[in-house]
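Student: I have a model open and would like to learn how to read it. Where do I start?

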Amino acid sequence: MNLSISFKAEIVENTAITPDIFKLTLRPLDSFSEPLPGQFFMLSVSESHDPLLKRPFSIFNFKDRELQFLYRIRGRGTRLLSEKKQGQRISLTGPFGKSYPQPDKSTQEVWIVTGGLGIASLNFMINRLTGEGQRLKVLYGARTGPELRILEDIRVKEILIATEDGTEGFTGTVLDLFNSYSMNLQPSSLIYACGPQAVLSFIDQKAQERGIKAYLSLEERMACGFGVCLGCVIKTKEGYKRVCKEGPVFREGEVIW
Ligand SMILES: Cc1cc2nc3c(=O)[nH]c(=O)nc-3n(C[C@H](O)[C@H](O)[C@H](O)COP(=O)(O)OP(=O)(O)OC[C@H]3O[C@@H](n4cnc5c(N)ncnc54)[C@H](O)[C@@H]3O)c2cc1C
Ligand code: FES
């Protein structure tokens, strides 16, 4: 079969979960490579050449050959995407980037640490690990209770929640939550994290201090998504790396923050 990196898909649903967070389900119309958890696609947000550049989105879920994304309206591109209707077609390229590595045999418990839209990158991995019977704890932070609606599709037994305004769960950020539970982390634990740089650098530092393995998924502005424009380079201990190609998932101790 000839698998294409660039293909078209039909919109099955594009629904608002909160006023600015949408769930988009696509049914690919051409052959494509099946994605792995942590990878992303570049989606065209307009039929015309304005805006010209496709936008990167993590794979929230991949099931029954349908691709699902979760996105927040940030600027013009995501606003245009939110206006697309069921039955319309969309072009996309991918999957791109390195996936989250699987836990090895010594891993006794996995911690997923994230907040806001970071769950978009991790949900596919959560589903895979849950299906494999892996012990899993999710630590999730939101600004306020109503934003927790984005967790309605997350199928996990143990989820600890923090809200910054204290409307639900622990009062504080996901880092406050992490700090108050981190004494339970063991050297045999493994952390997967996605979120803003401040969250990732903090988790990175704690993981290194405690000798715990961690996989951190970074976000950078991207123009091409497949390694040619060098728009997404970051500094690492092994020199500059492209988030779209060598990432977006990096090991603890790898990135220079
Ligand atoms: C690998 C990867 C996966 C992503 N996955 C998701 C996802 O699953 N769901 C989701 O909602 N978003 C995700 N994003 C972010 C998403 O791509 C941007 O929000 C989107 O491109 C914004 O497009 P726009 O035209 O609406 O905004 P623009 O008009 O381009 O920008 C609006 C504002 O957002 C800021 N911004 C735009 N892109 C980024 C970025 N990558 N990092 C930091 N700030 C940015 C700009 O600086 C500006 O302030 C991902 C980004 C990357 C790199
Ligand atoms: S986005 Fe072009 S090199 Fe990464």
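**Reading the ligand shell and the sheet**

Tutor: Start with the elements around the ligand: strand S4 (55–58), strand S6 (66–72) and helix H1 (76–82) each give at least two residues to the shell around ligand 1. Keep in mind that this is a predicted model.

Student: Which of the 21 residues around ligand 1 come nearest?

Tutor: Tyr71, Gly75, Gly77, Thr78 and Ala120 come nearest among those 21. By class, the shell around ligand 1 holds 10 nonpolar, 4 polar and 7 charged residues.

Student: Why does ligand 1 lie between domain 1 and domain 2?

Tutor: Look at which domains supply the shell. Residues come from both domain 1 (6–96) and domain 2 (109–251), so ligand 1 lies between the two.

Student: What is the order of the strands in the open sheet of 7 strands?

Tutor: The order is S11-S10-S9-S8-S12-S13-S16, with mixed pairing. Strand S11 (170–171) and strand S16 (249–251) are the edge strands, since each pairs on one side only.

Student: In which sense do strands S8 and S9 pair, parallel or antiparallel?

Tutor: Strand S8 (residues 109–115) and strand S9 (residues 136–142) are parallel, with 6 bridges. Within this pair, Trp111 has Lys137 of S9 as its bridge partner.

Student: Which helices pack on the sheet?

Tutor: Helix H3 (residues 174–181) does, touching S8, S9, strand S10 (159–163) and S11, and its direction makes about 145 degrees with that of S9. Helix H4 (residues 197–210) also packs there, touching S8, strand S12 (189–194) and strand S13 (213–217). The direction of H4 makes about 170 degrees with that of S13.

How values were computed
Residues numbered from 1 in each chain as written. Chains lettered and ligands numbered in written order. Predicted model: local features only at pLDDT ≥ 70, side-chain atom pairs only at ≥ 80, totals over all residues. Near = placed C-beta within 6 Å. Helix = DSSP H or I, 4+ residues; strand = E, 2+ residues; numbered from the N terminus. Nonpolar A, V, L, I, M, F, W, Y, C, P; charged D, E, K, R; others polar. Domains from an automatic or database assignment. Pairing = 2+ DSSP bridges. Contact = placed C-beta atoms within 7 Å. Axes fitted to C-alpha atoms, helices over the stretch in contact; angles between N-to-C directions.
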